[in-house]
Every structure is written in structure tokens, then in C-alpha cells.
Amino acid sequence: MPTPDRGTQAHAQQMRQYMNPVVVSKIQHMEMRARLIVEGFLTGLHKSPYHGFSVEFAEHRAYNPGESLRAIDWKVYGRTEKLYTKRFEEETNLRCYVVLDTSDSMRYPLTGMSKLVYGANLMGALGYLMVKQRDAVGLCLFDTTLHTYLPPKATRSWLYRIFQSLQQTIDQAERFTHQTATAQVLHTLSQKLHPRSLVVILSDLFGDPAQLDALFPALQRLRHMRHEVLIFQMLEPHTEAQFEFANQPLILQDLETGERLKVNPETIRTRYQAYFEAYQRQLHRRCRELNIELIELDVNQPFDKALTDYLRKRSHIRRA
């Protein structure tokens, strides 16, 4: 294996910076953000971009003796000294739906990158990666209703429509007030899905106990219809999990209902943490019972964890 020169190492380091949400937030266009996130991820995933997840993410598959030499990617061979053939459009066999919660609780935190913006950027990157893999990707945006639905396709032109919808969602996030009805929306969505699809849900999964009780029958229906489900629960853990507010009275406001409550963080922190941990344990337990992967995402952390988890899930589906 050739040893990368300093220029190659510098380029790799430069690309890996796009895993950082702060860096990505300074890029204006969704298409550019998605491309740089994915390219930075693939650059930093392994020493060679064809190690481990090679067949799954690189638009290539290992060369089989006896196949035509015309399909070999000789540029890849020059970098890796391994033979790979290019994958083509007709090899597509996975349909993915990325489903983003756009309710007002996703606008938190109000400073820095919110869960909604983090989720939209992650969805853009997932869509870019899916099309790069020749998978078909569809977009679903919801609050109390499924207000945006783009069925899955595997073309670049369709991906641009997805980027436009995500960018519009970010630009208009503060203009409206929306609550959420995740269970109802998933029941609606289940009627639109192509058989045996991958459904990737991005949400904070916040709601009252009644909503939580209704969520799992909706998820169970998706599993009964033989869909694979991957849930990314987006959190700002310092405040939402640990309640790390300054020890002085403050007013908390429910972003979805507008309800306001004056609290002393020092007084209620321990009880809040216990309640939050119990809520999370219930979420994880009930997802395990349905064989659904639930992954907590810290919106302050790089995007590579989510992309790696997605690739693991996709690899498992293709082996099944």
C-alpha cells in the first residue's frame, strides 16, 4: 500500500473538519454541506476508503475473476492496489425514507445549531450518501401532519429537490408554531411506503406519556409490514439530559405549547435527571422489543457517528 504524502494527509485533515457541525453551519448551500459532510466522513472513516465498509459506501464492489476488465476502476486500483468494479444504476435494491420531525421542540437550543438544523444537515448527508450508493431515497417532513412527502428515487435531480425542501425547512423554522403527532404521522406514512423499506427517523421523541404510548403501536405496524427502522434521537444532553442550568431561578418555556414555568434548577435537577433517565430506559426497552435500533445523538458532536451507524444498519440489511 502506498504511503500517503503530506499533501494527501493535509487534504484528509481538511476534509475531516466538515464532520464538525460548527464548520458546516458556515456553509450556505444544503447541497454543498451534504457533499462535504459525506466526503469528510469517507476520508476519515479508515486509512483506506475501501476498508471495512468498502462495498457498502463507495459505489464499487470487489472484482470477481472472470468479469470484464472494462468495469474495473483503475484510479481506485492506483490508490489501493485492489481491484474494484463500478456499480451501476440497475444494481439499486434498497429504498430508504428519511423522516424528520419539524415540530417546535426541534428548534432547541435557540442559540447555536438546533436539533432541527442538525437533523436537516444530517438528512441531507444521508440522502447524498444513499444516492452515492445507488439507493433510492425519499423525504418525509412532519409535525402534527405529514406535510412533505417525496417518494424515493435514486437520481441526482431528485436529490436536489430533497435539498431544496430541507433548506426551506431551515429557512422557515421560526415563522410557524407546530406541535407534534409522531404516532399519527407514522400510521399515515405506513400507507405510502414501498414494501420492505428502510425508515430512518430523526426526532427528539419528546412528548407527553400518552403520545409515547401511541408511538409504539405505530412503530410495531412498520415492523409488521417488514420495514427496517432506525431512529436517531437528537438531544442537547447538557441541558435536556443533565439539566445543567445555572443555579438561579429561571423561566422554562415549552416551545410547542408556549406554557411557561418558573423553576430553581438546583432544587429540581436530581428529580429531573431521574425522570429523564427513566423515560430513556423505557424508550430503549420498547424499541428493543420491536427489534428497532434507537441511537441517541448529541447535536454538539460530529456527524460521523450517525453516518457510521447508518452504514452498519445498511450492511446488516444487505446481508439479511
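In this predicted model, Val98 finds its bridge partner in β6, namely Val200. That pair sits where strand β3 (residues 95–101) meets strand β6 (residues 198–203): the two run parallel and are joined by five bridges.

Zooming out, β3 and β6 belong to an open sheet of six strands, ordered β5-β4-β3-β6-β7-β10, and the pairing is mixed. The ends of the row are taken by β5 (146–153) and β10 (293–298); each has just a single partner strand, so one side of each goes without a neighbour in the sheet. From one strand to the next, the twist averages 15°.

Now for the helices. Another pairing involves helix α6 (residues 115–132) and helix α7 (residues 156–171), whose axes are 10 Å apart and which pack at an angle of about 180°. With angles over 145 degrees counted as roughly antiparallel, α6 and α7 therefore fall into that class. On the α6 side, the contacts come from Leu116, Val117, Ala120, Asn121, Met123, Gly124, Gly127, Tyr128 and Val131. Facing them in α7 are Arg156, Leu159, Phe163, Leu166, Thr169 and Ile170.

Terms used: Residues are numbered from 1 along each chain as its sequence is written. This is a predicted model: local features need pLDDT of at least 70, side-chain atom pairs count only at pLDDT 80 or more; totals for chains, interfaces and linings use all residues. Side-chain values use heavy atoms; hydrogens and water are left out. Two strands pair if DSSP finds at least two bridges between them. Helices (H or I, at least four residues) and strands (E, at least two) are DSSP runs, numbered from the N terminus. Axes are lines fitted to C-alpha atoms, for helices over the stretch in contact, and angles run from 0 to 180 degrees between N-to-C directions. Angles under 35 degrees count as roughly parallel, over 145 as roughly antiparallel, 65 to 115 as roughly perpendicular and the rest as oblique. Contact means heavy atoms within 4.5 Å.
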